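Here is a friendly briefing to read alongside the model. Keep the 3D view open and follow the topics in turn.

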Amino acid sequence: MLIGARTVKTGLAVATTLFICNVFSIEPASFAAITAVVNMQPSVSKSINNAWEQIGVHLLAIVFSLIMGLLFGTNPIFIGTTVVFLIIFCNWIGWPNGIVMGIVSIIFILDSPRETFLIHALSRSLSIFVGLGVALLINRILAPPRYKSKFMSTLNDLVQLTSKYFLESLNTFIHAGNFTYYQRPDPQEQQNLLDEVTNLYEHAREEMTMDDHPPFIERLLEICRGFIERGESINQMTAQRVTRRRESYSPEELQEITAEFKEILDILSLGYEKLAGLIDSLSSGVTEKKGSGSYTEDIGYWESFDRAIDDWNRKVCGVFYLRALMEVSVVATELRWANRRTINLLNMINKQSEKKLKKSV
């Protein structure tokens with residue numbers, strides 16, 4: 001079993017804290033060690049971003065505890081009341097992440113003997129800050145890898161790989177009339193990369209801020225997952241279509257495609273080109289974190305597709321027609337899904353770019 005960086009950090013923090021307390025006779029050392037464990041952070045960015053919040057929450061907890069203990073006493077009711085005050089105040093000033101740490105400090109301090117409250121409270125406050133200081137120092141010096149940078153560097157690779165798989169599935173279906181045999185491609189490479197990037201994202205989330213636009217990232221991961229699943233579905237239909245045509249037609253008949261069906265395939269081919277352009281813009285937007293304008297769905301394109309389906313519907317019938325209609329309809333639905341999702345992401349990038357531009361002005 002591999003030992004993680006946080007495991008090493010926690011053990012080192014406890015040992016260091018206890019050593020310092022023993023050298024300088026700071027009691028109780030156990031409180032200091034517990035504080036070090038509670039304040040241990042999983043990543044560099046989180047420890048840096050939360051450092052002042054951790055210090056501030058502990059200071060508030062100590063001040064509230066000293067006031068409550070000196071004025072009212074240290075019974076369970078007053079301890080609970082102090083905890084309530086701390087929670088309300090921390091939420092009000094925007095320090096929600098440090099509440100648990102502050103509660104631990106309140107319990108440590110207000111659990112002091114009533115007769116010698118001030119002496120014990122100050123001693124315990126000192127031990128709390130020793131543990132906090134050691135935790136902050138080790139968090140800063142000894143830290144796990146920066147997951148965020150690795151995640152961002154592989155995210156665009158995922159977009160390119162999965163979108164390429166989806167586009168190739170579309171293109172293959174459109175030109176499947178020329179195939180006698182077809183071997184479905186295995187999307188395992190795309191799935192492995194998706195799993196890797198998703199796992200990285202779970203670790204990187206703690207390092208991210210609102211400027212990284214987490215909702216956009218989650219939708220981007222969703223469309224990548226959709227590219228794989230829907231591309232696989234189209235490839236499966238393509239394989240069935242090629243097999244059905246091979247078993248039902250002679251070699252000469254395989255080359256024959258009605259003018260109406262060819263028009264539908266030509267329209268799908270145009271849709272493929274439009275989607276490829278949108279995906280190129282999305283890939284650039286993810287890399288450069290910069291929008292390229294507002295996008296809307298091409299309603300006229302889908303109206304032309306509907307007209308082509310109507311023309312085909314008036315001239316053909318039978319089982320093979322129904323199967324082909326079903327397959328074309330599914331492919332068109334997947335194409336429209338990809339268009340809408342990609343346009344939505346492009347508009348999210350553009351919106352975020354406009355917000356950043358307004359802030360900089």
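Helix H4 buries Ile79, Thr82, Val83, Leu86 and Cys90, where buried means under 20% relative accessible area, exposed means over 50% and partly exposed lies in between, using a 1.4 Å probe and protein chains only. Looking down the axis of H4, these buried residues fall within an arc of 105 degrees, so they line one face of the helix; the arc is that of the directions from the helix axis to the C-beta atoms. An α-helix has 3.6 residues a turn, so residues three or four places apart point the same way.

This is a predicted model, in which local features need pLDDT of at least 70 and side-chain atom pairs count only at pLDDT 80 or more, while totals for chains, interfaces and linings use all residues. Residues are numbered from 1 along each chain as its sequence is written, and side-chain values use heavy atoms, with hydrogens and water left out.

**The chain as a whole**

- The secondary structure comes to 13 helices and zero strands; helices (H or I, at least four residues) and strands (E, at least two) are DSSP runs, numbered from the N terminus.
- Of the 361 residues in the chain, 44% are buried.
- Among the contacts in the chain with a separation of 6 or more, 83% join residues 24 or more positions apart; contact means heavy atoms within 4.5 Å.

- Helix H4 covers residues 76-93, and its 18 residues should span 26 Å at 1.5 Å a residue; the end C-alpha atoms are 26 Å apart, which agrees. The expected span is 1.5 Å times one less than the number of residues.
- Helix H5 (residues 99-110) has 12 residues and reaches 16 Å from its first C-alpha to its last, close to the 16 Å expected.
- Buried residues in H5 are Ile99, Met101, Gly102, Ser105, Ile106, Phe108, Ile109 and Leu110.

**Where H7 meets H11**

- The axes of H7 (residues 147-174) and H11 (residues 259-288) come within 10 Å and cross at roughly 175 degrees. Axes are lines fitted to C-alpha atoms, for helices over the stretch in contact, and angles run from 0 to 180 degrees between N-to-C directions.
- H7 and H11 are therefore roughly antiparallel to each other; angles over 145 degrees count as roughly antiparallel, under 35 as roughly parallel, 65 to 115 as roughly perpendicular and the rest as oblique.
- The residues of this contact divide into 15 nonpolar, seven polar and no charged. Ala, Val, Leu, Ile, Met, Phe, Trp, Tyr, Cys and Pro count as nonpolar, Asp, Glu, Lys and Arg as charged, and the others, Gly among them, as polar.
- From H7, the residues taking part include Leu155, Asn156 and Val159, and from H11 they include Leu282, Ser283 and Val286.
- Val286, in H11, is buried, with a relative accessible area of 13%.
- Val286 and Leu155 are 131 residues apart in sequence, yet 8.2 Å apart in space, C-alpha to C-alpha.
- Not counting residues up to four places away in sequence, Val286 touches Leu155, Asn156, Phe216, Leu220 and Ile349.

- Ser169 lies in helix H7 and counts as buried at 1% relative accessibility. Leaving aside neighbours within four places in sequence, Ser169 is in contact with Gly231, Ile234, Asn235 and Thr238.
- Thr342 has its place in helix H13 (residues 319-360) and counts as buried at 0% relative accessibility. Beyond residues up to four places away in sequence, Thr342 touches Ile223, Phe227, Leu275, Leu278, Ile279 and Leu282.
- Ala32, in helix H2, is buried, with a relative accessible area of 0%. Apart from neighbours within four places in sequence, Ala32 is in contact with Thr17, Cys21, Ser127 and Gly131.

**The loop between H1 and H2**

- Pro28 sits in the loop between helix H1 (5-23) and helix H2 (29-38), and the peptide bond from Glu27 to Pro28 is cis, with omega near -10 degrees.
- Ser25 is found in the loop between H1 and H2 and has a positive phi of about 55 degrees although it is not a glycine.
- Ser25 is exposed, with a relative accessible area of 59%.
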